[in-house]
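Subject: Structure handover

Hello,

Here is the structure for you to look over. My notes on what was found follow below it.

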Amino acid sequence: MSLTPVEHSNTSANYYQNRRENIAQFISKGNNRILDIGCGAGNFGSFLKQNNYASEVIGIEIDRTAADEALTKLDQVHCADLNRTRISELLIPPTNSFDFVVCADVLEHLIDPWQTLYDLSTHLTPTGKLVASIPNVRHWTVWLPLIMNGKWNYVDAGIMDRTHLRFFTKISIQELFTTAGLDIIELRPLIGGKWKLVDQFSLQLLRDFITVQWVIVGTHKATSI
């Protein structure tokens, strides 16, 4: 992952068009101010605004081409690399508090996701929520090749995306949030296709190994329920 804002290649263009509508279920509809970290081309934020989840969406995106496109859809977009720029340098008071902060497939790309998450938590409203989706490195497609063949191979996308700098399990994801001073109010697995049946018939005993991503929602300790 580059340490400065970059222009994306044609091969990576589709990555920045991802809408991530499955994350919307963790956001309450209403007149919300939402900060979308890694907003890509702005399609998710645009979806939120068009479907009454938000009155204002501000994005942060490392890729300049994607950020320029997002600016045509969102209220404001900062093109910045959070490995080099602190959140406090981008969000200037007094308009720096959000009802929801979304980190969809972002924290694993950061050198210090613990500090970034803490910084983001300080920009929540008193009842605000921080929503993150994080790949599960305990997935069977990661550990089985490691155990059987000693292979830890990076690929272009997915859990073993070659741009991932940090790797998390369910337990370490929870620790990430509590370290940032957040209470966890929801932790839900994202399981695809036929694996939902496996989860059901195994009585969730295999859940840690078939969950592709965990979606976690945290809030300030004083407002958790």
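Phe167 is partly exposed, with a relative accessible area of 28%. Here buried means under 20% relative accessible area, exposed over 50%, and partly exposed in between (1.4 Å probe, protein chains only). This is a predicted model, in which local features need pLDDT of at least 70, side-chain atom pairs count only at pLDDT 80 or more, and totals for chains, interfaces and linings use all residues. Residues are numbered from 1 along each chain as its sequence is written, and side-chain values use heavy atoms, with hydrogens and water left out.

Aromatic pairs

A search of the whole structure finds six aromatic pairs. Rings of Phe, Tyr and Trp (its six-membered ring) pair if their centres lie within 6.5 Å; planes under 30 degrees apart count as stacked, over 60 as edge-to-face and the rest as tilted.

One of the pairs is Trp114 with Phe168. Their ring centres are 6.2 Å apart and the planes stand at 55°, so this pair is tilted. It links distant parts of the chain, 54 residues apart. Trp114 is in helix α4 (residues 113-121), and Phe168 is in the loop between α5 (140-149) and α6 (170-179). Helices (H or I, at least four residues) and strands (E, at least two) are DSSP runs, numbered from the N terminus. Trp114 is partly exposed at 33% relative accessibility. Phe168 is buried, at 3%.

Trp152 and Phe167 make another pair. Here the centres are 5.4 Å apart and the planes at 70°, so the pair is edge-to-face. Both residues lie in the loop between α5 and α6, so the pair ties together parts that are 15 residues apart in sequence. Trp152 is partly exposed, at 34%. Trp152, Tyr154 and Phe167 form one aromatic cluster.

Charges over rings

A charge sits over a ring if NZ of Lys or CZ of Arg is within 6 Å of the ring centre and within 35 degrees of the ring normal. Lys29 lies over the face of Tyr53, 5.2 Å from the ring centre. Arg33 has its charged end over the ring of Phe98, at 4.6 Å from the centre.

The cavity

There is one cavity of 30 Å³ or more. A cavity is a set of points on a 1 Å grid over the protein atoms alone where a 1.4 Å probe fits but cannot get out; lining residues have an atom within 4 Å of a point. The largest cavity has a volume of about 30 Å³, where volume is the space filled by probe spheres set on the points, which are joined across faces, edges and corners. Its lining consists of Glu108, Pro135, Val137, Ile159, His164, Arg166, Phe167 and Phe168.

Leu182

Leu182 is in strand β6 (residues 182-190). At 0% relative accessibility, it counts as buried. Leu182 and His220 are 38 residues apart in sequence, yet their C-alpha atoms are 5.2 Å apart. Leaving out residues up to four places away in sequence, Leu182 touches several others, among them Leu117, Phe177 and His220. Contact means heavy atoms within 4.5 Å.

Positive phi

Most residues other than glycine have a negative phi. Asp105 has a positive phi of about 60°, and lies in the loop between β4 (98-104) and α4. Gln204 has a positive phi of about 70°. Gln204 sits in the loop between α7 (195-201) and α8 (207-210), and is partly exposed at 46%.

The whole chain

The chain has eight helices and seven strands. Of its 225 residues, 46% count as buried.

Best wishes

Methods
On a 1 Å grid over the protein atoms alone, a cavity is a set of points where a 1.4 Å probe fits but cannot get out, and a pocket is an open set with protein on both sides within 12 Å along at least five of seven lines; lining residues have an atom within 4 Å of a point.
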